[in-house]
Amino acid sequence: MEEQSTFSVVLSNLIGAVFLLGGISVMLFLQISRNAALKRKVLRWSLVFMGPVVLGFFWAAGAPLPFILLAIPGCAFIAFMNLRNIRFCNACGRTLVSYSLIFRQKICASCGESLR
Ligand SMILES: [Zn+2]
């Protein structure tokens, strides 16, 4: 097994830290804020941003090219599922997360308003 260079270790740790801090900040924001329109924008942009960050992490960590190529549709699927399953209520501003692969939430679990 080939030794990882110091540069590669520093870079992969740095990208890992960006991913963790970015992910935690976005999750906290989605839970705390009650501005549904702003949260939709933040979620979309963070998912667009996080895909390349994850792929960059794999690359910096020295993952083989076939693994990185397979990770691209994986990241796209995870982003799609997050966009589909994380919804925001326009009435009360709550973040609603569903873990179902099939069913999509139709009403807000907090106030009962229908979700568009
Ligand atoms: Zn609601």
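Predicted model: local features only at pLDDT ≥ 70, side-chain atom pairs only at ≥ 80, totals over all residues.

Modeller: Valine 18 counts as partly exposed, because 15 C-beta neighbours lie inside 10 Å, and a residue needs 20 or more to be buried. Valine 18 has its place in helix H1. In sequence, valine 18 and phenylalanine 57 are 39 residues apart, yet their C-alpha atoms are 9.8 Å apart in space. Phenylalanine 57 is part of H2, and H2 is the helix I will describe.

Helix H2 covers residues 36-60. Its 25 residues, at 1.5 Å a residue, should span 36 Å, and the C-alpha atoms at its ends are 35 Å apart, so the two values agree. Just after H2 comes glycine 62, which takes a positive phi of about 85 degrees.

Within H2, the buried residues are Lys39, Leu43, Val54 and Phe57.

H1 packs against H2 at an angle of about 160 degrees, and the axes are 9 Å apart. Because angles over 145 degrees count as roughly antiparallel, H1 is roughly antiparallel to H2. Their crossing is left-handed. On the side of H1, the contact is made by Ser8, Leu11, Ser12, Ile15, Gly16, Val18, Phe19, Gly22, Val26, Phe29 and Leu30. On the side of H2, it is made by Lys39, Val42, Leu43, Ser46, Met50, Val53, Val54, Gly56, Phe57 and Ala60. By kind, the residues of this contact of H1 with H2 are 14 nonpolar, six polar and one charged. Valine 18, the residue you asked about, is among those that H1 brings to the contact.

H3 packs against H2 at an angle of about 155 degrees, with the axes 10 Å apart. H2 and H3 are therefore roughly antiparallel to each other as well. H2 passes H3 in a right-handed crossing. Here H2 contributes Leu47, Gly51, Val54, Leu55, Phe58 and Trp59, while H3 contributes Phe67, Ile68, Ala71, Ile72, Cys75, Ala76, Ala79, Asn82 and Leu83. The contact of H2 with H3 divides into 13 nonpolar residues, two polar and no charged. Val54 of H2 is one of the residues in the contact with H3, and Val54 is also listed in the contact with H1.

Isoleucine 72 gives an example from the H3 side. Isoleucine 72 lies in helix H3 and is partly exposed, because 14 other C-beta atoms are within 10 Å. Isoleucine 72 and proline 52 are 20 residues apart in sequence and 8.8 Å apart in space, C-alpha to C-alpha.

Asparagine 85 is also found in H3. With 16 C-beta neighbours inside 10 Å, asparagine 85 counts as partly exposed. Leaving aside residues up to four places away in sequence, asparagine 85 touches Val97, Ser98 and Tyr99. Between asparagine 85 and leucine 101 there are 16 residues in sequence and 8.3 Å in space, C-alpha to C-alpha.

Note on methods:
Residues numbered from 1 in each chain as written. Helix = DSSP H or I, 4+ residues; strand = E, 2+ residues; numbered from the N terminus. Expected span 1.5 Å × (residues − 1). Buried ≥ 20, exposed ≤ 12 C-beta atoms within 10 Å, placed from the backbone. Contact = placed C-beta atoms within 7 Å. Axes fitted to C-alpha atoms, helices over the stretch in contact; angles between N-to-C directions. Parallel < 35°, antiparallel > 145°, perpendicular 65-115°, else oblique. Left-handed = near helix turned anticlockwise from the far one by under 90°. Nonpolar A, V, L, I, M, F, W, Y, C, P; charged D, E, K, R; others polar.
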